[in-house]
Amino acid sequence: MDLHAAGGVSIEPGDRALVPTGFAVAIPAGYEAQIRPRSGLAARSGVTVLNAPGTIDSDYRGEVMVLLVNLGQDRVDILPGQRIAQMVIVPVARAETETGDELPPTGRGAGGFGSTGT
């Protein structure tokens, strides 16, 4: 679902702003809300969600806020009612962890960035 700014804010190049949406949600246990950028806003102005995807946990009950950052070269004015992000509700897998001295091998091993080729 689209998220809209509850009020106006100006974001200078390189700055960030926590933008209120004017509503709160009760996410069911076992789910999270992910806050994702709007591609059009990013393409037109360089404004995106800073911690994309942002997470709203099921136990949070405050107002939904969107952390935007201006990666563009010009000030961007966010207007009240403007679509600023998208929210998707998704299931969360809960993993159980174990402590050990080694990991099982894979074909990739410990290869980092760029280790799988181009």
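Set aside neighbours within four places in sequence, and Ile 84 is in contact with Leu 3, His 4, Ala 5, Val 19, Arg 38, Leu 41, Val 66, Leu 68 and Ile 78. The model is predicted. Ile 84 is also among the residues with the most contacts inside the largest nonpolar core. Three salt bridges are present as well.

**Nonpolar core**

- The largest nonpolar core holds 21 residues.
- Ile 35, Ile 56, Val 66, Leu 68 and Ile 84 have the most contacts inside this core.
- Six named strands each give two or more residues to the core: β3 (16-24), β4 (31-36), β5 (47-49), β7 (63-70), β8 (76-78) and β9 (83-91).
- Val 66 and Leu 68, both listed among the residues with the most contacts in the core, are also contacts of Ile 84.
- In soluble globular proteins, nonpolar side chains tend to be buried together.

**Leu 18**

- Leu 18 sits in strand β3.
- Is Leu 18 buried or exposed? Leu 18 counts as exposed, because its relative accessibility is 53% and the exposed class begins over 50%.
- Beyond residues up to four places away in sequence, Leu 18 touches Met 65, Val 66 and Leu 67.
- Leu 18 and Met 65 are 47 residues apart along the chain, yet their C-alpha atoms are separated by 6.2 Å.

**Salt bridges around Asp 2**

- Asp 2 pairs with Arg 38 in a salt bridge, with 3.0 Å between the closest N and O atoms.
- Asp 2 belongs to strand β1 (residues 2-4) and Arg 38 to the loop between β4 and α1 (39-45), so this pair ties together parts 36 residues apart in sequence.
- Arg 83 also forms a salt bridge with Asp 2, and here the closest N and O atoms are 3.3 Å apart.
- This second pair links distant parts of the chain, with Arg 83 in strand β9 and Asp 2 in strand β1, 81 residues apart.
- Arg 38 is buried at 16% relative accessible area.
- Asp 2 is partly exposed at 28%, and Arg 83 is partly exposed at 41%.

**Asp 77 and Arg 75**

- Asp 77 forms a salt bridge with Arg 75, the closest N and O atoms lying 3.1 Å apart.
- Asp 77 is partly exposed, with a relative accessible area of 36%.
- Arg 75 counts as partly exposed too, at 48% relative accessibility.
- Side chains of opposite charge can pair when their charged atoms come close.

Note on methods. Residues numbered from 1 in each chain as written. Predicted model: local features only at pLDDT ≥ 70, side-chain atom pairs only at ≥ 80, totals over all residues. Heavy atoms only, no water. Core = buried A, V, L, I, M, F, W, Y, C linked by side-chain atoms within 4.5 Å. Buried < 20%, exposed > 50% of the residue type's maximum accessible area, 1.4 Å probe, protein only. Helix = DSSP H or I, 4+ residues; strand = E, 2+ residues; numbered from the N terminus. Contact = heavy atoms within 4.5 Å. Salt bridge = Lys/Arg side-chain N within 4 Å of Asp/Glu carboxyl O.
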